[in-house]
Amino acid sequence: MEMDRRKFLSTAVIAGGAAALAGLAGCSPSAEPTTASADSNGSEGTEAKNQEKTADIVIVGAGAAGLSAACTASEKGASVVLLEAMPMTGGASLGATATNIGGSQKQKDAGVEDNAELILESYAKDLDDPYVLATAKMYSENNGATYDWLMSDMGVKFSDEVQFFPPYPVARICYPIGGGPGIAKTLTEKIEESPVELLLETTATELIKENGAVVGVIAEAADGTEYRINAKAVVLAAGGFGARRDMLPYESLKNVIFYGSESSDGKAMGLALYGGAMLRYLDNLSIEGGGLELSPGTGTQLYSVVLGSFRDAAGIIIGPDGNRIMNEMGPAPAQVNAYRSLPDSAAYLFLDKASFDVFYTLGTREVGGVFTPDTWEKWLASEDLPFIVTADTVDEVASEAGINSEGLKATIESYNADAPAGIDSAFNRPIASSIGEGPYYIIKMNLRYAHSYGGLIANENLEVLDWSETPIPGLYGTGQMLCSIQGRDNIAKPSTGTSFAYTSGRRAVLNALETF
């Protein structure tokens, strides 16, 4: 399991290219930074822009993990400085619609039987790294309590329904009111009411170390102010590097759109690397279907609403020849392979009127929706991206989309012939209804990714490990900065990223406080 620094650098070059290392190298490797000296022409101005602060805990990043960590620390009476490079809080969680409340009281109240052992089973089977498995165990044992705290103590509101999504064995998914932005707003308001010092547009550039322990950070604000912040513990919560394609494997991302946060820029990985932290699995990321390209290379996800058209109606995924290419409700790896079998890895969602009604209703719902009615009308009117066409007949919609109409009509006939039996003969998919009347819609679907799955390695206490697999005193990792507990091979676990962030952020602080 050991991986030395030399091997990491070699792997990084292969996975992300020299540009990735150049990006990481932007962080100074100095172990004990000092404030910059003033020049002779502006000594007073420079001195005014160099500030020193002291806190019990410094938290780097104000996304889901960082907000959870800051609220926890403040609640426990610790002094906190919270740094956020962006001009707003929320990070990658601003793009989230749902979350995983496995183990919570709300899940129990919904009549769902779940426990830490069952939650861990959903992850352990896809993990072979003992440290990542340890963080998965931490998550499994604490996720429910974290959501109980979010609801009861922080005032986060959720919809009533707890939903089932594969591959989980029981219902674990719930939609917060306002989605990820709703939770971020609630937690940010709590922070604004607390003594926490929140510094927006302020980027941590270096870890301060003394005798091998992390004792603070150097940070720089957008106005040039440099801070030296001394602390008993530093919690890294600045997200992953999904937006940095140069740090990810090129071939894997060919014809795959990015729908994550631009704040996932990997800068904090460089900060940690030069602080002595070990990184692993930088080539690991989750690729799924159901992406909608809105501009070249970027877009959004529609899978959460597209799934409803498969489950409750007669939506199907086809190729340019009009033939179905997959079990639309099957495992993610098989779906990804089906996409990759097509030109440019692009497939097409075909909907009759009844299927579109299900799709549109789910897409525009107030809680859990992914687009507004106005957004849909703009998409439909676009002559470029996204690619959406509609027509009254199968021949017309196929012609407008460039799909073989005879092949599509044969596919519809075969699908409808299987409908009375309730399962299709081609892919073993359950059939809720036959394909009916128009108007019909064809929407181009792309492979998509949002997050990097590689990163820091931590132990069960979320203490970041160095290259000898020894905990770095005073340094804790959370959220997407850690190697994902979802494993490899595109076996995504819905809404794990957000729930892991809230849970790891809270637990990292509670663990750190025990060392004071």
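Residues are numbered from 1 along the chain as its sequence is written. In this predicted model, local features need pLDDT of at least 70 and side-chain atom pairs count only at pLDDT 80 or more, whereas totals for chains, interfaces and linings use all residues; side-chain values use heavy atoms, with hydrogens and water left out.

**Whole chain**

Begin with everything selected. The protein has 16 helices and 20 strands, taken as DSSP runs (helices: H or I, at least four residues; strands: E, at least two) numbered from the N terminus. Its radius of gyration is 24 Å, close to the 24 Å that the globule rule gives for 516 residues, so the protein is as compact as a globular protein of that length. The radius is taken over C-alpha atoms, and the rule is 2.2 Å times the number of residues to the power 0.38. Along the principal axes, the C-alpha atoms fill a box of roughly 80 × 50 × 45 Å. Of the 516 residues, 55% count as buried, that is, under 20% relative accessible area (1.4 Å probe, protein chains only). Among contacts with a separation of 6 or more, 73% come from residues 24 or more positions apart; a contact means heavy atoms within 4.5 Å.

**Residues 56–486**

Next, select the range that UniProt, in an unreviewed entry, labels "domain: FAD-dependent oxidoreductase 2 FAD-binding". Such annotations may be inferred rather than shown by experiment. Over residues 56–486 the chain is 30% helix and 25% strand, and the end C-alpha atoms lie 32 Å apart.

**Helix α4**

Now select residues 64–75. At 1.5 Å a residue, the twelve residues of α4 should span 16 Å, and the 17 Å between the end C-alpha atoms agrees; the expected span is 1.5 Å times one less than the number of residues. Eleven of the twelve are buried, so α4 is largely enclosed by the rest of the structure. The buried residues include L67, C71 and T72. Just after α4, G77 takes a positive phi of about 90°.

**Strand β12**

Finally, select residues 288–295. β12 pairs with β13 (residues 298–301) in the antiparallel sense over four bridges, where pairing requires at least two DSSP bridges. L292 has T300 as its bridge partner in β13. Two residues lie between the strands of this hairpin, in which G297 takes a positive phi near 90°.

Definitions and conventions:
Buried means under 20% relative accessible area, exposed over 50%, partly exposed in between (1.4 Å probe, protein chains only).
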